[in-house]
Amino acid sequence: MEKYAAIILAAGKGTRMNDGSDSPIPKVMFEIAGEPIIRHSVDLIRHAGIDDVVLVVGYKKELIEDFFKDEVSYAVQENQLGTGHAAAMAKPLLRGKTESIIIFYGDNPLYKPSTVKKIIELYEQEKPTVAMLSVVFDDPKFWGFGRILRDDSGEVIGIVEQKDCTPEESLVKESNPGFYIFNAEWFWDNIEKIGNENAQHEFYLTDMIVKAKEQNKRIVAMPVSRESEALGINNPDQLALAEKILKERIEENDRS
């Protein structure tokens, strides 16, 4: 049995990249720094030492499959029913084959390999059921990420998407960029138990955090080193910002 596999969610249409209409290409195939977004995401996880990668594809999936060919494996999400549903599509490929699974969004390619290595180290040291990255924003409403909720002792007890936040929850600054490590056996036993009783009527991957808490499983969260690591790409302005960040990193590495 392998120690880790990565599931990268890459089934989105990218309508916000194309003025609200269906894009001619999947969102993750828009380019930054001369390569598709998804290329950077795959390279990120490979540089962190994870070789087994499954891309969950959907909209115009053939464009992604033609690009990577046999370099990765593929699971297909025919209908976009949410991030939890997307992750579940990899179950036939991975169940019983890995001890742990890393899941993140293909349009979030800005994590540093060093950060990914650190969260893996934390997961191996603490041995929780779930380890996740977090980010503290000065203006969380602007970024619109789900909020990480903690109890009085500082333990993670859940994540609430911005659309579902109460006014008090919307003020929480610690946010969820969507990078997780799960105990694989627990994840596959529970992923199909989550519901879609929310504003979007979708199956949220974040509900797995709630599920873990309900079962008194341990959850740990580690902040990213810089706010910029956690930024996703949903529109042309964010695409331009991601390219700027990547180029600055390349320049920093050249100087060091």
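Predicted model: local features only at pLDDT ≥ 70, side-chain atom pairs only at ≥ 80, totals over all residues.
Helices here are DSSP runs of H or I with at least four residues, and strands are DSSP runs of E with at least two, both numbered from the N terminus. Residues are numbered from 1 along each chain as its sequence is written, and side-chain values use heavy atoms, with hydrogens and water left out.

Let me begin with strand E1, residues 2–10, where seven of the nine residues are buried, so the strand is largely enclosed by the rest of the structure; buried means under 20% relative accessible area, exposed means over 50%, and partly exposed lies in between, using a 1.4 Å probe and protein chains only. E1 runs parallel to strand E6, residues 98–105, and is joined to it by seven bridges, with Tyr-105 as the partner of Leu-9. E1 also runs parallel to strand E4, residues 53–57, through five bridges, and there Ile-7 is partnered by Val-54. For pairing, DSSP has to find at least two bridges between two strands.

In the loop between E1 and strand E2 (31–32) sits Met-17, which is buried, with a relative accessible area of 7%. Beyond its neighbours within four places in sequence, Met-17 has contacts (heavy atoms within 4.5 Å) that include Phe-30, Ile-233 and Pro-236.

A cavity, on a 1 Å grid over the protein atoms alone, is a set of points where a 1.4 Å probe fits but cannot get out, and lining residues have an atom within 4 Å of a point. Helix H9, residues 236–255, gives the most to this lining, with four residues. The volume of the largest cavity is about 30 Å³, a volume being the space filled by probe spheres set on the points, which are joined across faces, edges and corners.

Finally, which residues of helix H8 (residues 207–214) are buried? They are Met-208, Ile-209, Lys-211 and Ala-212, and, seen down the axis of H8, they fall within an arc of 160 degrees, so they line one face of the helix; the arc is that of the directions from the helix axis to the C-beta atoms. These buried residues pack against several elements, among them strand E7 (130–136), helix H7 (184–190) and strand E12 (219–223).

Conventions
1 Å grid on protein atoms, 1.4 Å probe; cavity = no way out; pocket = protein on both sides within 12 Å on 5 of 7 lines; lining within 4 Å.
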